[in-house]
Structures are given as structure tokens and as C-alpha cells.
Amino acid sequence: MFTSVGKTKATALEIKSPSEDITLRFSIYRGQAYYEIIIKNRIVVHRSKLGFKIAGENILGNNVGLLKSSQRTHHETIEMLWGEDRLIKNHYNELTVHLVENEKHPRKFNLIFRIFDDGVAFRYELFPYDNIKRITITEELTEFNFNPASSVWYIPAYQPDRYEYDYKKTELGHLKGSVHTPFTIKAPSGYYFAIHEAALYDYGSMTLKLNDNYILKSDITPMSDHTIAHIELPFSTPWRLIMVASSATELTKNRLIYVLNDSPSQDFSWVKTLKFIGIWWSMYVGEWTWAPGEKHGATTKHAKEYIDAAVRLGISGLLIEGWNDGWEGDWLENGAKTNFTTPMPDFDLPTVARYANQNHIELVGHHETVGFIDNYEKQLEAAYNYYAANGIHYIKTGYAGSKMTINGRREYHHSQLGVNHYQKTIELAAKKHICLNIHEPIKGTGIERTWPNLLAREGARGQEYEGGALSPSHACFLPYTRLLSGGMDYTSGIFDIENPAKRIATTLARQLAYFVTIYSGMQMAADRPIFYEEKFKEAFKFIHDVPTSFEKNLPLAGEIGEYYVVARKDRDSHDWYIGGVTSETSRDITLELNFLDQDSYLGEFYTDAHDSHYRTNPLAINIYHKTVAKGDKLKIHLAPGGGFAIRLIPKS
Ligand code: NOJ
Ligand code: CA
């Protein structure tokens, strides 16, 4: 498992994954620290540099020697409080290298490598030296030297819409500018990879960029002072993570972000996943407004009506946006003045909260900060107390705007200052027993293992971009890219597909598929109740039935940007749920039911009709029941922009 090759000038250490298929080689060559990754004798990540630039000091990592190294093996199964998989294997071989500079006043640092059967992770540990306990990192030099002929899928970084872009495919060697992670790669070897990070705390988010030698390199989101992190020593960086898979669907099973985060340090048994409706889509289609006035959405009257509807629909939660002071005029400009404890005159929050409580409906409070962190943090404690005092246990927060205002300066959401702000909200919410759904969030790095009250993020283009800016292939990219970083509130379940005010580019059956293909710990049924209660009552039954926490997840078929089919087993019953989506291209698939645990099931099917089409005939849907047996092969038709959803209930 562990070999040391060579001595003195060039040093190399190797460690293998438990299966022995993946080898990590750490080396020092002419003082520079490097790593390489080899799969079955084939180099997949070529020699890649490690190190940092630190303000006022020499580069760390280019004049080092090996002090000592150690190794260990770890094997356990972790249990997640909620999510896509209840049990996750955490099995790795670990190599720690202790490095010291060949200098008069040498600094020391460690690299910890963990080699799993489905990926490689490493982090740096930095220590105080010469009484220096606080340093400023100006650049991280970590490289990911993949074959430039690889295909890659990405969204751009440093753009005004933050993390909300369409996924694009290119050849790695042609990549332009900086891109967010997860960054998905298909190498000429046939292996699939995703570069990402885990446990992002107190540091800028890692984006990636080609350097002048066409080597992919970390490009940490800077702050307005052009640095990337001010840190206290000792400090452990986030984990740099390279997920490995032999197929696109296998990649979607990767859960290393969770095992690389710590278990919760406090009791979170009070956290419950939630399905909710909202006073929201009616604003998008122009029936109501966020702002006060005749068409104001968040009124006491509407809220009570929606609570009644939630009760009738059997949905446990209700989000109410636009309830507080700050929505008048151009709300995007009002962020510095928004008040998070003052309801508008036509919205009596305590009365609404009491009514929700009497009816056993969880209100989802709303804080649109517009990125004005200075204003929000001043009110944070009071704002969370206000909700807590009114028995509200869920908040959707929002950070619209191209940058945040922190300490009077404009900062990236994904900068160290942004990361620390989000963390402050998560920890304060945990104290008050509040769960969060963060819109325009910092990307997911698995911290919800440690902070399970962070139930959802709406980071990535969701259905709010429908009405022109979403193509059917988008939801076929997400599972292989963005969703490798955790769930997403996609605001699914829009049945008012043909509304010209916000035309949806999907079929009706596909709106149901999303509840399976796009996991979220807070899952929104985003349309107005009338569409669920009257117009498409039969289709709504699937939204009612589908769980928000699963026992396990089993991707069945798919290709990046083309289609995705996944089966998920409920956590609280023996039911299975299967969902599939396709791009603009229609597709006929064969579902092989050999994964089922029992012999016979009642299947409830919601599929596209033979003539469904996301443009011309989106509402055509086949809803039928049929008995199926383990091992059956089912033919399913997916229309252009279509999809399907199935519930399987054991017969015995
Ligand atoms: C912009 C968000 O994208 C949208 O979903 C939200 O409803 C509004 N901000 C108001 O917070
Ligand atoms: Ca958004």
C-alpha cells in the first residue's frame, strides 16, 4: 500500500486506494512538491504542483524536503440524518507527509492525502512559525494536470449571476477564463472525474483556470483587497477533491463530499426535511407582486388561504415571500434598508404564524438580503429571534445581486468573506433550531453533514429561469455537474406550463420527474394550489406522495446533458420512486427492474404521451396503474423536453 521510491534529491511516496486501482504518488523534485494520480498503471493526473503564495513571504512549497510521513487506513459507514443515501461508506488509505523548508528559518506544513475507491482528496495543514500566527494567502498554487484533450463541462465563475449559468462542454485545452466546481471531466482514458472541494470554511471558494502551460490550476475567489484568505494558524484548507468513476451515471453516486466533512457536533434530531408550497410563482406570472399595493401577494388573507390549501393538499410547508419592509420600488436597490422584523401593514405575521401552527403547517420565512450583508448582519440575531418567537423553523434566504456588500465593499458571494457570512447564518440558525434553504448560496461542499439544518440551496439555474432562459438539456446536465455538490431547490412542480407570462420548456410529466431527479431536503411544489387541486389533481398525487429523504439512490442510465434516469428508495417505507428526464431529443428507454427488493409492486406511472412535446403539446400525460414484478423490462417513452415519474408500492 505504501512505498517510498528514491531518496535525497527526488523523493516519491506512493499510496493506493483500498481496491488498489488508484495510486497517489507524492514527490519532491528540486524542492517542489507534486502529486500524480495513476489508475491501473495509467497516469490520469500528471505531475501537479502544490503550494501557496503568502503575502510578504517566499512561496511555500517550492523549496521543501520530507521530514517524515505516516499512513493509516480508515473504514466506517456513516449515517446521514436525511438526504439521498442514508448510509455512506467512508473507506480510504491515508498518507500524511510532513514537509519542511530547506531554509534558515524553515516553515513546516503537512499534506494529507486520502485515497478512496472513487476518488482522491487532499488538504494542506499550515502551522504557526516564528511567532507568526496570522497570514494572508494571496494565491493557492494547486494544479490538476489532466489531459488537455479531455472533454469538460462547466459554468463560468466571476459572473454577475454568480452560480446560475448554463452548463457548457468544451475540450479542456480550450477552456477560457475561470470556472466553478464541480468541474466534470471525461478523459481520453474513458474515466470520468469531477474536481470539487469539501469542507469549505474560512477560505475563498476554489474556481479553476488554465495556466500558461495549459495546466488546470486552482484560482481561489479573491476579496476586494486582492487576497484570497486571511487565516489564523494552525489552519487546514478545504479538501481538494477529485471524484473518479468509470461512467457518467456512476459519477452521480459519489458522496465523498460528505465523508470529508465532520459529523455533527450537536443534536440535530429536530431537523426535518420539508415539502412546501409558496406565495411565489403568482409573482412570476404577474398575478401578485412582492411589493405592496393592490396586487400584493403576501397578505394575511392570501397566507390563510394558502395555509388552508396546504392542509387540503397534504403538503406540510408554506413559503411566503414579500412580507416585510423593503420591497417598495426597485427592491434590488433597497437592500441597504430592508427591515427583517417589520411586516408590511397588510401582513400580520403573528396571526399568520398562529394560524399555520393551529393547522400544523410549517411556515418558511423569507429574508431577501439582496447581498447587503452589512444591513443583514446588523439585524441577524433579531431577525432569527423574531421567526423563532413566532414558531417558525424554516427560512429561505436570498442573496440576489452580482456581489455582496460587506464592510462597505463589494465582494464576491464565493469569497472568504461570503463563505464566512453564510456560515454565520447556518450556525445562528442551528442555535435557534431553524433550517435554512439558501438562494444564491455559496456552493455546496458537504457541510450539511456537520450542519444538517442547512437543508437546501437554490444555487444553479432553477425554474425561475423558465420563460425563455432554460433549455430542456439543463436538467440533464445538473446531475453530472452541480448536483455532485449536493441537493438543489429547483422549484419544481410548475403545472401552468403554457402561461405566456412564463412559458415552461418541459412537459407536465417531467415536472414530476424533477422530484426524483433533483434531490432537495426542502422540496418546493412551486405552482399555485389551484393547479394542484383542480386542474391537474391526478398528476399532483405524485408530488404529494414522493418523499424528501431517501434510503438509497440508484442511477439507472444517462449521459451528460442528454438524459438521466434514477431510482430512489424511500426511507420510511419499502416504496421505490423512479424519475427520468431527457433533453430536446425524445428517447425510448427500457427500465430493467432487477434492483427491486420484493417480487411484486403496484406501479403508479406518470409518463409522456406518444405525442407530448415540450413546445407543442406539453400537457399531454399518461397516468396509469400497473402491476410490475422484479426483473420486468418496461419500455418508457420520453418526449422532447419530457420525462417520467413512477411510484412502486410493494404488494405484500
Ligand atoms: C430573486 C430570486 O431569484 C427569486 O427567486 C426571489 O423570489 C426574488 N429574488 C425575491 O427574493
Ligand atoms: Ca436566483
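## Second pocket

In this predicted model, the lining of the second largest pocket splits into 7 nonpolar, 6 polar and 5 charged residues. Here Ala, Val, Leu, Ile, Met, Phe, Trp, Tyr, Cys and Pro count as nonpolar, Asp, Glu, Lys and Arg as charged, and the others, Gly among them, as polar. This pocket's volume comes to about 280 Å³. A pocket is an open set of points on a 1 Å grid over the protein atoms alone where a 1.4 Å probe fits, with protein on both sides within 12 Å along at least five of seven lines; lining residues have an atom within 4 Å of a point. Volume is the space filled by probe spheres set on the points, which are joined across faces, edges and corners.

## Largest pocket

The largest pocket holds about 420 Å³ of space. Its lining has 19 residues, with K89, D118, K253, N254 and R255 nearest the centre. By class, that lining has 7 nonpolar, 3 polar and 9 charged residues.

## A helix pair

Now for α6 (residues 373–389) and α7 (residues 416–431): their axes come within 11 Å and cross at roughly 5 degrees. Helices are DSSP runs of H or I, at least four residues, numbered from the N terminus. Axes are lines fitted to C-alpha atoms over the stretch in contact, with angles from 0 to 180 degrees between N-to-C directions. Angles under 35 degrees count as roughly parallel, so α6 and α7 are roughly parallel to each other.

## Numbering and cut-offs

Residues are numbered from 1 along each chain as its sequence is written, and chains are lettered from A and ligands numbered from 1 in the order written. Local features need pLDDT of at least 70 and side-chain atom pairs count only at pLDDT 80 or more, while totals for chains, interfaces and linings use all residues; side-chain values use heavy atoms, leaving out hydrogens and water.

Notes
Helices (H or I, at least four residues) and strands (E, at least two) are DSSP runs, numbered from the N terminus. Angles under 35 degrees count as roughly parallel, over 145 as roughly antiparallel, 65 to 115 as roughly perpendicular and the rest as oblique.
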